[in-house]
Amino acid sequence: MIGIAAGWILILLVGGGIALDSVLASAITRNFDDGLEYVLTAMAASAEIGPEGEVFFNRPLADQRFLEPNSGLYWQISGIGHDHWRSRSLWDRALVVKPPHNDTEAHVYDSKEFPDQDLRVMERDVRLPGSDILWRFQVAASRETLDAQIGTLRRTMIRSFALLGLGLIILAALQTLYGLWPLRKVRLAIAAMRAGQAQRIDEALPNEVTPLVEELNALLEHNEKQAEEARRHAGNLAHALKTPLTVIMNAATAQSPDLSDTVIREATTMRRQVDHHLARARAVGRRGSAHSRAEVWPSLQAVERAVGRLYRHVRLDMTGPKTLAVHVERQDLDEMLGNLIENAAKYGGGSVFVTVGAEAGYVEFLIEDDGRGIPEEERARIFDRGVRLDTSKPGTGLGMAIVRDVAEIYEGTISLEESEDLGGLLVRLRLPAAV
């Protein structure tokens, strides 16, 4: 940032300096030329033709330098067939007379005709009254004074612009360092958190940095929450596996005759617990993805095909917009819908109806069946791990618990109601909608 600022400052100052130098040098030169033109006009105004056709001044020119040899200010009048009439300051030299002009306007140019002096010459062709000759009036001045003024101007500008540029670069550097200084505080605060000396960035910072700090604190809180959930899942899984392992160890130590049955029974329990906690852990791990998005209708169609192959006698109807999407990973959405629709097909009377709709930032799934339903006093228990109200059909009792846990991880909800159309159970699943 400092380098870019310094580069632009230098470019602008150099460009502005060149433009300003051109303007001011032109103004000084024009002022110098105006002085020459004034003398040239005074010469033409006071010039007359004598009896023998020569030119003379009816009043002398006021500038004393015209009388001093090699003074740096000269005049000369030339005409065809006449000798040059020149100022005493020219002494034994004469100004070069170029070919006649096509007009009578004043012309100015630089000349190096004198080895020791660079001249600024202004000339004009004048036809005097009483004379048929076109007289060339010339006035010349040494460029020394003009070049000295321009040189003084340029030195002053270079020094001023250099000082201005240095000051602007220092100001830009200080502004950049001051503006980015809060980021040093953020870095030190992060280092303190890594060293265990702090949990959050609590220091007051400028408004421009506050959103960064807020997002960083939110990220830390999110990571802590995920870590805590992981620790809790690990503890729950360890606790859940401890009892079956103890039973198996006791049976094996006692050489129980039903050891195989005990191992199968307790291993089944352990598998249910492992499946439940693995599903929940996968959902927690994927929840932090900012790109979690799943199309609703393809997921419903995939579940419909899978359930249709398992329960060929069940009629499954679906309705709703086909463009809805949710902020859920596709695998988790398939698992939730698969559990709910499979339960409706398994425990229903042969008809399952799925309705999808959007409401207040959520996508709502209504899964209805024509089975016996669930009594209201039993609906809360169905979400407990391992609870099965109907033991006549195979299952682990973890499906509804997994659906509830995964939905809550994605900030969704699930509730059980009675279906008014089919008479069985109605499951209402609400998940955050995605644009």
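Reader: What is the bridge partner of D110 in β6?

Author: The partner of D110 in β6 is R120. The model is a predicted one, in which local features need pLDDT of at least 70, side-chain atom pairs count only at pLDDT 80 or more, and totals for chains, interfaces and linings use all residues. Residues are numbered from 1 along each chain as its sequence is written, and side-chain values use heavy atoms, with hydrogens and water left out.

Reader: Why are β4 and β5 said to stand at the edges?

Author: The open sheet has 5 strands in the order β4-β3-β7-β6-β5, with antiparallel pairing. β4 (82-86) and β5 (107-114) each have a single partner strand, so one side of each is left without a neighbour in the sheet. From one strand to the next, the twist averages 25°.

Reader: Why is R143 called buried?

Author: Buried means under 20% relative accessible area, exposed over 50%, and partly exposed in between (1.4 Å probe, protein chains only). R143 has 14% relative accessibility and therefore counts as buried. R143 lies in the loop between β7 (134-142) and α2 (144-194). Not counting residues up to four places away in sequence, R143 touches D110, D118, L119 and R120, where contact means heavy atoms within 4.5 Å.

Reader: Why does A358 count as exposed?

Author: A358 has 58% relative accessibility, and so it counts as exposed. A358 lies in strand β11 (residues 351-359).

Reader: Which strand does β11 run parallel to?

Author: β11 runs parallel to β9, and 5 bridges join the two. The bridge partner of T319 in β11 is T355.

Reader: Why is α5 called oblique to α6?

Author: Helix α5 (residues 296-310) and helix α6 (residues 330-347) pack at an angle of about 40°, with their axes 9 Å apart. That angle makes α5 oblique to α6, because angles under 35 degrees count as roughly parallel, over 145 as roughly antiparallel, 65 to 115 as roughly perpendicular and the rest as oblique. Axes are lines fitted to C-alpha atoms, for helices over the stretch in contact, and angles run from 0 to 180 degrees between N-to-C directions. Helices are DSSP runs of H or I of at least four residues.

Conventions. Pairing = 2+ DSSP bridges.
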